[in-house]
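Here are a few exercises to work through with the model open on your screen. Try each one yourself before you read the solution.

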Amino acid sequence: MSRSHDDCTGCPIASRRRFLAVAGGTLGALFAQATAIDARAGSTADEKRYAIPGGDGVSIDRAAEVILVRFHGQVFAFNLACPHENYALRWRDKDLRFQCPEHESRYQPDGTFVDGRATRHMDRFAIRREGTEVVVDLNMLYRSDKQSSEWAAAVVRL
Ligand code: FES
């Protein structure tokens, strides 16, 4: 059975870059909601600026394919693509974790791999704080298996 273009559950990002989907609905105690966000003024093709989230939660920049997470006093920016075969990751409200819709790899809110076919944590973009914003460098994407120290340092501590 073929999938429609708008029903991109399980579509690799590489071929369906316009796809982004985040589970909606009620979230657990840690997260208020998963929302769509747009980069702020001052963003460029190489860097995206976002307001520091006011509380723990998950937001998606659909255009930039960035997942922004605030979790336990830390802010991370992840690549939307699953590190296994680039399918778009989803946030699961009821489990408070990410899950790949294609092969069901699961990840903690900080991107740590839990189980599934993937062999590394979610890829993190370089991120820094500037005042009330975080700046995400889209040219610096770190893999936990190849750039472990950079991956570990790709966090803004509040
Ligand atoms: S693409 Fe995500 S687990 Fe295979």
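**Exercise 1.** How many residues does the largest nonpolar core have, and which residues have the most contacts inside it?

*Solution.* A word on the ground rules: this is a predicted model, where local features need pLDDT of at least 70, side-chain atom pairs count only at pLDDT 80 or more, and totals for chains, interfaces and linings use all residues. Residues are numbered from 1 along each chain as its sequence is written, and side-chain values use heavy atoms, with hydrogens and water left out.

Step 1: a nonpolar core is a set of buried Ala, Val, Leu, Ile, Met, Phe, Trp, Tyr and Cys residues joined through side-chain atoms within 4.5 Å. Buried means under 20% relative accessible area, with a 1.4 Å probe and protein chains only.

Step 2: the largest such core has 19 residues, and I67, V69, L89, F98, Y107 and M122 have the most contacts inside it. Two or more residues come from each of β3 (57-61), β4 (66-71) and β5 (74-79); strands here are DSSP runs of E, at least two residues long, numbered from the N terminus. The top contributor is β4, with three residues.

Step 3: there's also a second, separate core of 13 residues, including I52, V66, V75 and V136.

**Exercise 2.** Take L89: where does it lie, and is it buried or exposed?

*Solution.* L89 sits in the loop between β5 and β6 (90-92). With a relative accessible area of 2%, L89 is buried.

**Exercise 3.** Sort the ring pairs F76–F78 and W91–F98: which is stacked and which is edge-to-face?

*Solution.* Step 1: rings of Phe, Tyr and Trp (its six-membered ring) pair if their centres lie within 6.5 Å; planes under 30 degrees apart count as stacked, over 60 as edge-to-face and the rest as tilted. That rule gives four aromatic pairs.

Step 1: F76 and F78 have ring centres 5.7 Å apart and planes at 25°, so they're stacked. For W91 and F98, the centres are 4.9 Å apart and the planes at 70°, so that pair is edge-to-face.

Step 2: ring pairs link F76, F78, W91 and F98 into a cluster.

**Exercise 4.** What does the side chain of R120 reach, and with which side chain does it make a polar contact?

*Solution.* R120 is in the loop between β9 (113-115) and β10 (124-130), and is buried at 11% relative accessible area. Its side chain reaches the backbone oxygen of P83 at 3.4 Å and makes a polar contact with the side chain of D123 at 2.8 Å. A polar contact is a pair of N or O atoms within 3.5 Å; within protein, one must be able to donate a hydrogen and the other to accept it, and residues adjacent in sequence count only if both atoms are side-chain atoms.

Notes:
Helices (H or I, at least four residues) and strands (E, at least two) are DSSP runs, numbered from the N terminus. Buried means under 20% relative accessible area, exposed over 50%, partly exposed in between (1.4 Å probe, protein chains only).
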